[in-house]
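Take a look at the model below.

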Amino acid sequence: MKILLASSEVYPFSKTGGLADMVGSLGVALVNAGQEARIVTPLYRGLRDKFPRMTRVNWKFDLPMGERHVQADLWELDLDSGLKIYFVDQPDYFDRAGIYQEGQFSYADNAERFIFFSKCVVNLARYLAWRPDIVHLHDWQVGLVPALIQHQRDSAGWGKPPPTCLTIHNLAYQGTFPAAVYALTNLPKLFFHTEGAEYFGMLNCLKAGIAFADVITTVSPRYAREITTEELGCGLDGVLRRRRAHLVGILNGVDYQEWNPAKDPHLPAPFSLSKLAGKKKNKAALQTFVALPVAENIPLYGTISRLAEQKGVDIQLAALAEMLNADIQFILLGSGSAEYELGYRELARRFPGKIAVQFGYNESLAHQIEAGCDFFLMPSRFEPCGLNQMYSLRYGTIPIVRATGGLDDSVIDYGEQTDKANGIKFYEYTSRALAKAIRKSLAIYHQPELIRQYRRNAMRADFSWGKTVDEYLEAYRTVMQ
Ligand code: ADP
Ligand code: GLC
């Protein structure tokens, strides 16, 4: 099967969150499963220098953007895995310091940038000699592609276009813009209605994808159910309920080549289930690196996160303010809202020697935190899938999670299956419930046999793509004749 994936982020080329990891690793997983997968993504600043094997494709985009025409080039890179990546080269849009924003400010022309990218995806799907059997779109940035394809089928002579699959990674980000922006799509008005691309008078790119994609997936079974409810439907639960028969939840897989404590180049000491001594060395190295007292027997908690409302920062700050009175240490790696950063800075001032905060994006430190900590905190308000809890499990770092979305689907609590427990879940979205879960973790930590059992269960949990890639193939097949 020929599968063209399209995403605004792909690891290792660009990343602001789990979307990049998911798309990069799904591409490889599809190739490993014997499929022909290719990914198309924007050529962001610095990528050609970082990946000098990239070559220019004999291809010119010249596409209408409202009244204007915009041109772009195309580059490609063949990865050792067999996956081919296409890069859309449009420097005015993509040769910038950030992917979506600089500092706290989103680019004012994000709609235009990603409408153009979506048109490039359609152009490739239509005219590449390599004809995709399915086009797999990820998030709002390419949400308009199904409508653009339908339009070319109905009015621009595209005989038999490939079906489309849209994956929703996060319903909270919909790509909503003033209606005037719709002109840039060059689509006729007939796509802009309450059952289509329009949402309360605005253009809504994700809604357009939900309305017009042939099949819709999201990144965990529980989140697939949650987004059809008013509580977690972010205003799109109605349209999702209408499309329920074509909506499926598939838990993300993990790339265990990238996230393998036995062979992780970011770690000072490798470790595995049978050689756990290395984990202690990682803990000591991490404590040293972030200037916390090096203490083997003080439980070390970690969080790596975008500092956004979704991630439960408010209850985490309040629960930590209470729990840091106990003999524990905590390390945060995060970036995002200035207000939340301030909250953590204040906490660090109140509890010197107990908490370390690192702001910014740091891939290497993320691996070291997964390896060096005893527990990982993820108290999300909602979580479509979440990858860090799965990375934590593999690194023997017990996740403490709120039972929502993919967190609920991937972690097993003692209350669910005593002998298989690999993490701690709490249910209510309150700092009290989180603090109680942290207290539970302390009790486990101080019973050596019990914590060993949790670690064993955690490190044995398997979220490799091998298991879930078939579910994507199945979803594609349902819409291919
Ligand atoms: P989301 O996509 O909602 O942010 P996920 O758990 O799916 O959440 O994925 C987050 C990914 O981003 C993980 O790979 C995590 O390690 C990484 N990440 C988040 N914040 C940082 C940071 N400040 N530095 C390095 N990696 C980060
Ligand atoms: C989104 C979600 C996260 C998910 C990731 C990859 O960023 O917030 O839960 O793991 O996409 O699918």
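This is a predicted model: local features need pLDDT of at least 70, side-chain atom pairs count only at pLDDT 80 or more; totals for chains, interfaces and linings use all residues.

Begin with ligand 1. There are 21 residues around ligand 1. Gly 18, Arg 306, Lys 311, Gly 360 and Leu 387 come nearest. Now look at single atoms. Lys 15 places a polar side-chain atom 2.9 Å from an oxygen atom of ligand 1. Asn 388 also uses its side chain: an N or O atom there is 3.2 Å from an oxygen atom of the ligand. Gly 360 takes part through its backbone. One of its backbone N or O atoms lies 2.8 Å from a nitrogen atom of ligand 1.

Move on to ligand 2. Here 13 residues surround the ligand. Which of them are the closest? They are His 169, Asn 252, Glu 383, Cys 385 and Gly 386. Three of these names deserve a second look. A polar side-chain atom of His 169 sits 2.7 Å from an oxygen atom of ligand 2. For Glu 383, a polar side-chain atom is 2.5 Å from an oxygen atom of ligand 2. Gly 386 again brings in the backbone, with an N or O atom 2.8 Å from an oxygen atom of ligand 2.

Next come the helices. Find helix α9, residues 277-289, and helix α12, residues 363-372. Their axes come within 8 Å and cross at roughly 125°. Because of that angle, α9 is oblique to α12. The crossing of the two is left-handed. Which residues of α9 make the contact? Lys 279, Asn 282, Lys 283, Leu 286 and Phe 289 do. From α12 come Leu 365, Gln 368, Ile 369, Glu 370, Ala 371 and Gly 372. Sorted by class, this contact has five nonpolar, three polar and three charged residues.

Now the second pair. Helix α10 covers residues 313-323, and helix α15 covers residues 431-445. Their axes also come within 8 Å, and the crossing angle is roughly 50°. So α10 is oblique to α15. Is this crossing left-handed or right-handed? The crossing of α10 and α15 is right-handed. On the α10 side, the contact is made by Ile 315, Gln 316, Ala 318, Ala 319, Glu 322 and Met 323. On the α15 side, Ser 431, Leu 434, Ala 435, Ile 438, Arg 439 and Leu 442 take part. By class, there are eight nonpolar, two polar and two charged residues in the contact of α10 with α15.

Finish with the backbone. Most residues other than glycine have a negative phi, and most peptide bonds are trans. Tyr 11 and Pro 12 are joined by a cis peptide bond, with omega about 10°. Pro 12 belongs to the loop between β1 (2-6) and α1 (18-32). Then go to Phe 200. This residue is not a glycine, yet its phi is positive, about 45°. Phe 200 lies in the loop between β11 (198-199) and β12 (202-204).

Technical notes. Residues are numbered from 1 along each chain as its sequence is written. Chains are lettered from A and ligands numbered from 1 in the order in which they are written. Side-chain values use heavy atoms; hydrogens and water are left out. Axes are lines fitted to C-alpha atoms, for helices over the stretch in contact, and angles run from 0 to 180 degrees between N-to-C directions. Helices (H or I, at least four residues) and strands (E, at least two) are DSSP runs, numbered from the N terminus. Angles under 35 degrees count as roughly parallel, over 145 as roughly antiparallel, 65 to 115 as roughly perpendicular and the rest as oblique. A crossing is left-handed if the near helix is turned anticlockwise from the far one by less than a right angle, and right-handed if clockwise. Contact means heavy atoms within 4.5 Å. Ala, Val, Leu, Ile, Met, Phe, Trp, Tyr, Cys and Pro count as nonpolar, Asp, Glu, Lys and Arg as charged, and the others, Gly among them, as polar. A residue is near a molecule or strand if one of its heavy atoms lies within 4 Å of it. A polar contact is a pair of N or O atoms within 3.5 Å; within protein, one must be able to donate a hydrogen and the other to accept it, and residues adjacent in sequence count only if both atoms are side-chain atoms.
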